Amino acid sequence: MTSATVLVATSIFALASDQMTKVWALEHLKVGEIHPFVGSFIQLQLVFNPGAAFSFLAHSTWIFTIVAIVISAGVIYLIPRVHSLPWACALGLLLGGAIGNLIDRLIRPPAFGVGHVVDFLNWNGWFVGNVADIWIVLAAGGLFILAALGIPMSPIAEAASSNRGEDDCGD
């Protein structure tokens, strides 16, 4: 399986799992009710979030819409350039998660581009998120680790980075 196929399949999985769980939450949960899920550590609580984690920048929803579009476009641009399965998996999770929350911002009230994201996983009272958020956090961690370990996205990137370290003195 090619890296591009893995990236696209991973993003479809991430997007589908996010959207299916949001549909479930909207059908089975009511705003204001809290239900135990994993003890009291993770509870189910339906909220409509205009901002990011902790409702950060709640009145600037359009910023997150633009960021999600830019991230999605950037990952889509990288698809043919990624030739590493770990990078493909991490970028696929990022793309699927970003599109999952972008869909909410585009189609949910109060208006196009500033819709509120469906969140329903209450993490010990710290914040309420969704499955897209999980994929985005896992992707960010994976991308950080891949970069920190110096694992290239493609053999071309590896050759370019090793050429930068060569001495240009003509020896």
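Buried means under 20% relative accessible area, exposed over 50%, and partly exposed in between, with a 1.4 Å probe and protein chains only. This model is predicted: local features need pLDDT of at least 70, side-chain atom pairs count only at pLDDT 80 or more, and totals for chains, interfaces and linings use all residues. Residues are numbered from 1 along each chain as its sequence is written, and side-chain values use heavy atoms, without hydrogens and water.

**Stop 1: two helices.** Select helix α3 (residues 85-107) and helix α4 (residues 131-148). They pack at about 150°, with axes 8 Å apart. So α3 runs roughly antiparallel to α4 (angles over 145 degrees count as such). Axes are lines fitted to C-alpha atoms over the stretch in contact, and angles run from 0 to 180 degrees between N-to-C directions.

**Stop 2: the contact.** Show residues with heavy atoms within 4.5 Å. From α3, pick residues including Pro86, Trp87 and Asn101. From α4, pick Asp133, Trp135 and Gly142, among others. The contact has 15 nonpolar, 3 polar and 1 charged residues.

**Stop 3: Trp135.** Trp135 is buried, at 15% relative accessibility. Rings pair if their centres lie within 6.5 Å; planes under 30 degrees apart are stacked, over 60 edge-to-face, the rest tilted. Phe13 lies in helix α1 (residues 3-28) and Trp135 in α4, so the pair ties together parts 122 residues apart in sequence.

**Stop 4: the cluster.** Select Phe41, Trp123, Trp126 and Phe127, which form one aromatic cluster. Trp123 and Phe127 are stacked, 6.4 Å centre to centre, with 25° between the planes. Phe127 is partly exposed, at 31% relative accessibility.

Key:
Helices (H or I, at least four residues) and strands (E, at least two) are DSSP runs, numbered from the N terminus. Angles under 35 degrees count as roughly parallel, over 145 as roughly antiparallel, 65 to 115 as roughly perpendicular and the rest as oblique. Ala, Val, Leu, Ile, Met, Phe, Trp, Tyr, Cys and Pro count as nonpolar, Asp, Glu, Lys and Arg as charged, and the others, Gly among them, as polar. Rings of Phe, Tyr and Trp (its six-membered ring) pair if their centres lie within 6.5 Å; planes under 30 degrees apart count as stacked, over 60 as edge-to-face and the rest as tilted.
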